[in-house]
Amino acid sequence: MEKISVRGGRKLHGSITVGGMKNAALPILLGTILVGDRCVIENLPEISDIRSALDILSSLGATVRMIDRTTVEIDTSNIRPGTTPYDLARSMRASYYVVGAELGRYGTSRAACPGGCDFGVRPIDQHIKGFEALGAKVDVVDGCITCSAPPEGLTGASIYMDIVSVGATINIMLAAVLADGMTVIDNAAREPHVVDVANFLNTCGADVSGAGTDVIKIRGVKKLHGVTYAIIPDMIEAGTYMMAAAATGSELTIANVIPKHLESISAKLEEMGAKVEDLGDAVHIYPSEGPLRRINVKTMPYPGYPTDMNPQICVLLCLARGTSILTEGVWENRFKYVEELVRMGASITVDGRTAVIQGGRPFRPATVKCSDLRAGAAMVIAALATDGVTVIENIYHIERGYEHLVEKLQGVGADIKTIDTPEDSGQSAV
Ligand code: UD1
């Protein structure tokens, strides 16, 4: 089993280029099912979740051809709906987008309920509510979701989301694009990836308006056509490297970003004493002049501070002087990683969705595990800020969502490497 070994305590310097956004790329790739034509998707991140999505498309009968490392050509003219292999559907959360896309195009779908990171209960009731409002019959039996439209097809409807859900907003959008008439999604998620999916669909000939606000209107069209489309940069990957810079007191440029998407992250870093300069398509991080300052953080749907940046900022709060409070406002159980940081010497108490962090204690090296994708990124940040060698296990979580993390950090001077055997862990990390 591969691990990551980090000899921390070094400053980082130079520039890291961010890849395409995982959580936009997945629904756009699976959204090509709706198109029934040839699409070229550019700026894909090189991560295992993308390979899983392409495997799903191939298994359904699509023709999938990599043009280069980050560009794929997909032809979904001939799809066999309802044939996603169980294990592939279970391998990631975003597999639920197959259901919205198949239902939208064929009026029928069947897939295993999705997997993904374990943050406690991850219901799909809002997806189902949306599909049913469009007229579909939906059954969830033995871990499989089966949907079928009435003989006359899906019909546009007004849907009020009881909870702000990225996945349900996008999935309903996918299902409604070819439905008859107007669909209105109220209390919709406003994340940049929702907007990116809407832009992709509109480029293909859909009629979606309001994405980025909490009311999205989808006027059904008869048919979509193939396009070439480039995915937006990954704000969570960017934010993760911004935190790595702040945790190590480094000056770093994060290139290929949309600074607007990073505002909540930049605001928190500045509150802690770091400085973030907007360079248009990059941000430059300057270290805090004194020790990092304690702050309180609550994760929220966009434009609030993102839940997918919860573990990373927790590392900074451990380094900041004083007591900070980190409240999780999206997921039921996002603090599984805390015990790993405690293993590194952190003082954190979790009560339900709130963590109280007594900061200002340096981390000590340890062997730690990634409990999920973003938790894995947090372990790397903590290790970079720790004198001595930290070994990080279960890195397959990191590989699901961060392209070339080790190489990117080596490129800015980190002493980090992937290791295969425990014996390597005491040696120089690079
Ligand atoms: C997506 C992201 C994930 C991120 C999350 C919130 C992908 C593949 N994953 O997950 O990284 O943490 O957005 O930004 O894009 N909920 C319900 N019923 C539903 C759906 C969701 O109650 O039918 C609840 C969830 O339990 C959670 C909240 O809504 O408490 C937000 O979940 P949602 O936005 O749907 O997350 P995902 O789209 O699954």
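Colleague: In which helix is the place of Gln-126?

Modeller: This is a predicted model, in which local features need pLDDT of at least 70 and side-chain atom pairs count only at pLDDT 80 or more, while totals for chains, interfaces and linings use all residues. Residues are numbered from 1 along each chain as its sequence is written, and side-chain values use heavy atoms, with hydrogens and water left out. Helices (H or I, at least four residues) and strands (E, at least two) are DSSP runs numbered from the N terminus. On that numbering, the place of Gln-126 is in helix 5.

Colleague: Does Gln-126 count as buried or exposed?

Modeller: Buried means under 20% relative accessible area, exposed over 50%, and partly exposed in between, with a 1.4 Å probe and protein chains only. Among the residues that Gln-126 touches, leaving out those up to four places away in sequence, are Tyr-160, Met-161 and Ile-172, where contact means heavy atoms within 4.5 Å. Because its relative accessibility is 6%, Gln-126 counts as buried.

Colleague: Across which strands does helix 5 lie?

Modeller: Helix 5 covers residues 125-133 and runs at about 150° to strand 7, the axes being lines fitted to C-alpha atoms, for helices over the stretch in contact, with angles from 0 to 180 degrees between N-to-C directions. The elements that helix 5 lies across are strand 7 and strand 8.

Colleague: In what order do the three strands of that open sheet stand?

Modeller: The pairing in this sheet is antiparallel, and two strands pair if DSSP finds at least two bridges between them. Strand 6 (108-112) and strand 7 (137-141) each have a single partner strand, so one side of each is left without a neighbour in the sheet. Neighbouring strands are turned by 10° against each other on average, direction ignored. The order is therefore one with strand 6 and strand 7 at the edges, namely 6-8-7.

Colleague: Which residue of strand 8 stands opposite Ala-112?

Modeller: Strand 6 and strand 8 (residues 144-148) run antiparallel and are joined by five bridges. Helix 4, residues 97-106, lies across both of these strands, at about 165° to strand 6. Opposite Ala-112 stands Cys-144.

Colleague: What volume does the largest cavity have?

Modeller: On a 1 Å grid over the protein atoms alone, a cavity is a set of points where a 1.4 Å probe fits but cannot get out, and lining residues have an atom within 4 Å of a point. Grid points are joined across faces, edges and corners, and a volume is the space filled by probe spheres set on the points. The search of the whole structure finds five cavities of 30 Å³ or more, and the lining of the largest cavity includes Ala-112, Phe-131 and Ile-145. The volume of the largest cavity is about 50 Å³.

Colleague: Which helix gives the largest share of the lining of the largest pocket?

Modeller: A pocket is an open set of points with protein on both sides within 12 Å along at least five of seven lines; the largest pocket has a volume of about 1100 Å³. Its lining has 50 residues, of which Arg-122, Val-166, Gly-167, Val-330 and Trp-331 lie nearest its centre. Elements that give two or more residues include helix 5, helix 6 (166-176) and helix 12 (373-384). The largest share, four residues, comes from helix 1.

Colleague: How many residues has the largest nonpolar core?

Modeller: A nonpolar core is a set of buried Ala, Val, Leu, Ile, Met, Phe, Trp, Tyr and Cys residues joined through side-chain atoms within 4.5 Å. Those with the most contacts inside the largest core are Ile-41, Leu-341 and Leu-409, and Leu-341 touches, among others, Cys-314, Val-315 and Cys-318. The number of residues in this core is 148.

Colleague: How many of the residues of helix 10 are buried?

Modeller: Helix 10, residues 310-319, is mostly covered. Its buried residues include Asn-310, Gln-312, Cys-314, Val-315 and Cys-318.

Colleague: Which residue is the bridge partner of Ile-348 in strand 20?

Modeller: Strand 19 (residues 347-351) and strand 20 (residues 354-359) pair in the antiparallel sense over five bridges. They form a hairpin with two residues between them, and Gly-352 in the turn has a positive phi of about 65°. The partner of Ile-348 is Ile-357.
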